[in-house]
Amino acid sequence: MKRLTAIFVVLMLAAGTAFAGQTGAMLSKESIVEKIQKQGVLRVGMSTFVPWAMKDKNGELIGFEIDVAKKLAKDMGVKIEFVPTAWSGIIPALLTGKFDVIIGGMGITPERNLKVNFTMPYEFSGMSMVAHKKKADGFSGVEDFNKKEVTIAVRMGTTAEQAARKFMPKAQFKLFENESQALQELNLGRVHAVVSSAPMPAFHALKFPDKLFVPIKENFTKEPIGFALRKGDYDALNFFNNWILINHASGFLKERQTYWFETKEWERLVQ
Amino acid sequence: MVALALVAAAISFFLSRMGSVLAYEWDWSAIPRYFMFRDGETGRLVPNILLKGFFTTIKLSIWATVLAFVLGTLSGIMGARGDGFQRFVSRTYVETVRNVPSLVLLIIFYYFVSSQFLDILGLDEWLRRQSPGVREFTGFILADPGSINAFASAVAALALYEGAYISEIVRGGILGLPRGQWEAAYSIGLSGPKTFRLVILPQAFRQVAFPLAGQFISTIKDSAIVSVISIQELTFQGMELMSATFLTFEVWITVTLLYFALTFPLSRAISLLEKRSAPRE
Amino acid sequence: MHLRRNLIKSVLFIAFLAAVLTLGYQNLEYNWQWYRLKAYFFSGQGMDIVPGLLMQGLAVTLKISGIGLVLSLFLGGVSAVARLSPFPVLRILAWLYVETIRNTPLLIQIFLVYFVISPVLDISAFWSAVWALSLFEGAYASEIIRSGILGIPKGQVEAALGLGLSRPVIYYKVIIPQMLRTTLPMLAGQSVSLIKDSALVSTISIYDLTMQAQKIVSETFLTFEIWFAVALCYLIITASLSFFIRKLEIRMKFIH
């Protein structure tokens, strides 16, 4: 028994003293740009948002973000690794070093910016809405949805949730971990509407024209989307900012944006 | 007969309501593709996300059970035979784990503990430096370099969780043995530790073999919750698939059946073996 | 002497754990803001205290667990009796119920009940959560109760039959009291599981403790503070439940 205790204590001690929390210090000392090049791999945190990032028929990741991240890795001369992460935990995962950068359609907001650094926007997105024909019959403006008896489903922790709460403070909200669950609620007619970033609501309404419709034609917010990275790493921030500048100028971002958000060519890749 | 008629009536009522209320367009034809598909270029069958997720679930459960077994046995022995201090350590561990939801435990473990300890080990960096053969092998039995840290912390968290239950099973097994065993061993001149190793422990393990096997099934099911920390196992892949295709019902039903296919034969086999070995006692 | 050495070792162990935790705590590049936590438990001043979001969530968790406990015991009891009944149809149905539930993950069951079954039968989100949980725990309770009933010697029932008691009376007077005594510890463990498992209903947007925590975390990013607080909440509930049940056990043993 003595030996058992000894083994136990030694294990704990070794684990404790040798490793306890050097990560925090390590994470900030070295710029991730350097680390990425040393290891030859860029680790990108993302989450499924149609058509920003999703799995195609063969189980491969495709989408706007995926194209952006792949090009970024290619320009850095390293391999890419995607780390699919639950959206509600994506910022804690970045802070604790599960990956190097979030390229996941993340809207720049003051609350998030207090915890992470953002690059300049590489894309703008807006919130739009898709509603149930029977439940939201005759609704045509934000004020129609801003009522106590209206229920809206959104994906938890997204800027869609924030926008919905801001524009429709009186409505009730159902929060889900995934967008598909929110849309399922809508299809079942248990909520009046789903708020999500464009162009997904419009696409979804097109898919089920006899059940759903788009009550508000124009997007009701305009949000800058940036890469998110850990605080204190100004080298990386500078590098990513300039990468975005260059790819704005070269037209790469615009071209990809058109493909994913304005055409529906990619749909055959998914279904 | 009445019961049977009632059940039939309930099922048919349910199905008819399902048709009218949901107005759901079933599309089962899309599902097989997500198990396996034929690669257009090479013409070979390639496993797709559902099958990959299925294997990840199996790998995860096996590793977690192995680790949990070591941890649980250690803690169980300490709880049953240790001095006051060892019993205290064992109880602290078991009671903490058993009284906190696995979801909460997992989240704390993933963000707090694993980023403190696991990341520093640099498993992923070490793996990336290995030859492709080694990488493929570890990818097969563990996970790819990109997800090895998450995989390791999921295994560790699951093992920590299941270990507490195994600890209780082992402790019960040791304490459940009649005192006469000790006395008999003592009378033939065996020392305390020797008695424990040669007489008590083998018997205790035989006693607890079936509950332990049952715990393995629990691990398979509990592994579903690691989807929240983004391990790409069956449940996670199912959710991803739903997000991309919106085939909600088809995907959920398929995933349920896959879990069932994994655990049901196992639990049947265990209970059959248990029955068969019972009369010999 | 032994006692004191154990005490010293235990204290050292705790001190060591605390040291590792504090080291980790300080070294993590994380801006700890414990002071923001209070508002999520209680707000308001003086006499009129308003429960915060976490407290509201706690109330929902307790409500779901409470109803779930009663329902699951009921389902477990009924299916256990059905499995031991002389009617094969009932036996098969109960067996099917127990085996399907015990061989699939709860998370999947909750989704299935909420997204597939509840729209058809028109059940609200709250009640789908309660039903999914009760069905799940009921299957485990069923096995416990069945083993308890089977554990009662046959002679007891035969003796009761010989006395001319009817079946329901035998169940009520002979079987249930004895079964309760042997199965209470296991049923108690199951009720602790029920409370813990109720955390999973957060996935279908029930505002329970875990859901409120997730929501607060996603808004404020107070990740660690909130999760530690929530873990403590669960620990307090389940530990006090265990304590209460142990007291009950001791009392029951005294009476008999």
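This is a predicted model: local features need pLDDT of at least 70, side-chain atom pairs count only at pLDDT 80 or more; totals for chains, interfaces and linings use all residues.
Visitor: Which residues in α10(B) and α12(B) meet?

Guide: From α10(B) come B:F210, B:A213, B:G214, B:I217, B:I220 and B:K221. They meet B:Y259, B:L262, B:T263, B:L266, B:S267, B:I270 and B:E274 in α12(B). By class, this contact consists of 8 nonpolar, 3 polar and 2 charged residues.

Visitor: What makes α3(B) roughly antiparallel to α11(B)?

Guide: Helix α3 (residues 49–81) and helix α11 (residues 234–245) of chain B pack at an angle of about 155°, with their axes 7 Å apart. The cut-off is over 145 degrees, so α3(B) is roughly antiparallel to α11(B). On the α3(B) side the contact is made by B:I49, B:L50, B:K52, B:G53, B:F54 and B:T57. On the α11(B) side B:L234, B:F236, B:Q237, B:E240 and B:L241 take part. There are 6 nonpolar, 3 polar and 2 charged residues in this contact.

Visitor: Why do β10 and β12 of chain A stand at the edges?

Guide: The open sheet has 5 strands in the order β10-β9-β11-β8-β12 (chain A), with mixed pairing. Strands β10 (172–176) and β12 (212–213) each have a single partner strand, so one side of each lacks a neighbour in the sheet.

Visitor: How do you know that β8 and β12 of chain A are joined?

Guide: Two strands pair if at least two bridges are found between them. Strand β8 (residues 127–132) of chain A is joined to β12(A) by 2 bridges, and the strands run antiparallel. A:A131 has A:F213 in β12(A) as its bridge partner.

Visitor: Which strands of chain A does helix α8 touch as it packs on the sheet?

Guide: Helix α8 (residues 159–167) of chain A touches β8, β9 (151–155), β10 and β11 (193–197), and its direction makes about 155° with that of β9(A). Helix α10 (residues 200–207) of chain A lies across β8, β11 and β12, at about 25° to β8(A).

Visitor: Which residues have the most contacts inside the largest nonpolar core?

Guide: They are A:I152, A:A193, B:L106 and C:I110, in a core of 196 residues. Helix α8 (residues 148–175) of chain B gives the most to this core, with 18 residues. Beyond its neighbours within four places in sequence, A:I152 has contacts that include A:F145, A:M168 and A:A193.

Visitor: How many residues does the contact take from chain C and from chain B?

Guide: Chain C gives 36 residues and chain B gives 38. On the side of chain C, α10(C) gives the most, with 10 residues. That side divides into 25 nonpolar, 8 polar and 3 charged residues.

Definitions and conventions. Residues are numbered from 1 along each chain as its sequence is written. Chains are lettered from A and ligands numbered from 1 in the order in which they are written. Axes are lines fitted to C-alpha atoms, for helices over the stretch in contact, and angles run from 0 to 180 degrees between N-to-C directions. Helices (H or I, at least four residues) and strands (E, at least two) are DSSP runs, numbered from the N terminus. Angles under 35 degrees count as roughly parallel, over 145 as roughly antiparallel, 65 to 115 as roughly perpendicular and the rest as oblique. Two residues are in contact if their C-beta atoms, placed from the backbone, lie within 7 Å. Ala, Val, Leu, Ile, Met, Phe, Trp, Tyr, Cys and Pro count as nonpolar, Asp, Glu, Lys and Arg as charged, and the others, Gly among them, as polar. A nonpolar core is a set of buried Ala, Val, Leu, Ile, Met, Phe, Trp, Tyr and Cys residues joined through C-beta atoms within 7 Å. A residue is buried if 20 or more other C-beta atoms lie within 10 Å of its own, exposed if 12 or fewer, and partly exposed in between; C-beta atoms are placed from the backbone.
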